[in-house]
Amino acid sequence: MSAPRPRVWVSQPLFDDIVGQLAAHCEVEAVSAVSEHAPADVAAALRDADGALVTLNERIGAGELAAAPRLRAIANVGVGYNNLDIAALDARGIIATNTPDVLTETTADLGFALLMAAARRVTESERWLRGGHWRQWSFSTMLGAEIHGRTLGILGMGRIGQGIARRGHHGFGMKVLYHNRSRLPDAVERSVGARYATFDELLAQADHLVLVLPYSAASHHLIDAAALARMKPTATLVNIARGGLVDEPALADALANGRLAAAGLDVYEGEPAVRPELLALRNVVLTPHIGSASLATRRAMVQLAVDNLLAALGLGPDAGRPPTPVTATKTTAARPGATDAAGIATGKTAAGKR
Ligand code: GLV
């Protein structure tokens with residue numbers, strides 16, 4: 001008798017043609033409408049699942065895992081994975097994967113777009129024009145901050161940070177400073193045109209500061225009132241990483257009171273809710289977490305997540321070798337239909353690599 005096919009849960013509608021590849025190997029339970037899943041719904045969906053394809057909106061921790069005895073693999077569609085409790089997954093030997101690399105350049109593009117829109121008041125100008133104010137034009141209408149040749153600060157220098165640095169240095173002739181847990185090798189610094197700075201130097205010197213670091217307990221509200229006070233009042237702050245990096249009331253206060261010129265935000269602490277204080281400001285550009293949202297990139301992310309999930313379940317061409325694992329448990333025995341994961345390797349357990 002052949003082994004039963006693994007059951008997988010797909011938490012949101014993604015691209016049907018790509019997710020459909022799972023059906024060649026698995027029983028697929030795919031949610032057909034965009035859904036906000038309460039923790040109890042996630043737990044119920046995982047109860048009989050061997051694997052899951054989830055987005056950043058689904059939080060999976062010890063509580064959800066407790067009710068999921070068969071679960072062996074979670075493929076996150078996203079590079080950040082602070083929605084997953086990696087320690088709890090590791091403790092159960094469950095493989096978790098993410099989707100790095102395929103979204104690097106697209107997300108760096110959006111970071112730069114937000115920087116430019118905030119510094120040059122693009123969306124504010126558009127609202128003004130649509131509001132019929134053009135007849136009030138003067139020579140000092142919508143004066144913004146210079147971008148080319150100015151100092152670009154980057155906090156977090158992973159793949160996306162390096163993409164931002166390349167754009168600033170090679171495209172806009174900017175002086176690029178970065179701060180990161182570890183310093184990049186000299187050759188990488190040279191190729192992206194960036195110089196290491198302390199956190200304080202970065203805050204003090206950046207004309208435009210872009211946040212691209214992973215979110216964790218250690219980086220919670222890293223940009224708080226004290227950090228904002230150390231920035232230039234003419235500076236721009238851009239956040240394309242995670243909302244929890246910024247103390248949003250402190251940011252709104254600084255923007256409202258002339259202590260920071262402008263901000264561009266793609267991520268929010270309580271998303272999809274956005275604080276009314278931010279919505280009320282003219283000098284902040286707000287986008288709904290669209291960093292990786294080009295068609296080609298979103299498709300590539302889903303494809304990588306499907307490849308990861310099949311491989312982590314011991315299926316498909318990469319059986320047992322998921323391309324981009326984030327748990328210490330990275331491999332499975334290549335046994336189609338196997339119900340346990342094998343091959344504990346040492347490795348990173350950090351929450352949320354970019
Ligand atoms: C988006 O925020 C991601 O982590 O992919």
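Let me begin with the overall layout: the C-alpha centres of domain 1 and domain 2 lie 32 Å apart, and the assignment for the protein chain gives domain 1 as 1-103 + 292-354 and domain 2 as 104-286, where domain bounds come from an automatic or database domain assignment. Please keep in mind that this is a predicted model, in which local features need pLDDT of at least 70 and side-chain atom pairs count only at pLDDT 80 or more, while totals for chains, interfaces and linings use all residues. Residues are numbered from 1 along each chain as its sequence is written, and side-chain values use heavy atoms, with hydrogens and water left out.

How many residues of domain 1 are in contact with domain 2? There are 18 of them, and they meet 17 residues of domain 2, with contact meaning heavy atoms within 4.5 Å.

Now look at strand β6, residues 151-155; helices (H or I, at least four residues) and strands (E, at least two) are DSSP runs, numbered from the N terminus. Five of the five residues of β6 are buried, so the strand is largely enclosed by the rest of the structure; here buried means under 20% relative accessible area, exposed means over 50%, and partly exposed lies in between, with a 1.4 Å probe and protein chains only. Both faces are covered, with Thr151, Gly153 and Leu155 on one side and Leu152 and Ile154 on the other.

Which strands pair with β6? Two strands pair if DSSP finds at least two bridges between them, and β6 is joined by five bridges to the parallel strand β7, residues 175-179, where Val176 is the bridge partner of Leu152. From β6 the chain crosses through helix α7, residues 159-172, to β7, and this β-α-β crossover is right-handed, a word used when, with the strands pointing away from the viewer, the path from the first strand over the helix to the second runs clockwise. Four bridges also join β6 to the parallel strand β9, residues 208-211, in which Val210 stands opposite Ile154.

Leu152 and Ile154 bring us to the largest nonpolar core, which has 49 residues, and both are listed among those with the most contacts inside it, alongside Leu22, Leu53, Ile164 and Ile240. A nonpolar core is a set of buried Ala, Val, Leu, Ile, Met, Phe, Trp, Tyr and Cys residues joined through side-chain atoms within 4.5 Å. The elements that each supply at least two residues of this core include β1 (7-10), β4 (73-77), α5 (104-119) and α13 (295-312), and the largest share, eight residues, comes from α5. Because domain 1 and domain 2 both give residues to this core, it lies between them.

Let me finish with two polar residues. Thr106 has its place in helix α5 and is buried, with a relative accessible area of 18%. A polar contact of 2.6 Å joins its side chain to that of Thr297, where a polar contact is a pair of N or O atoms within 3.5 Å; within protein, one must be able to donate a hydrogen and the other to accept it, and residues adjacent in sequence count only if both atoms are side-chain atoms. Asn308, in helix α13, is buried with a relative accessible area of 0%, and its side chain has a polar contact of 2.9 Å with the side chain of Thr324. Leaving aside neighbours within four places in sequence, Asn308 also touches residues including Ala75, Thr97 and Asn98.
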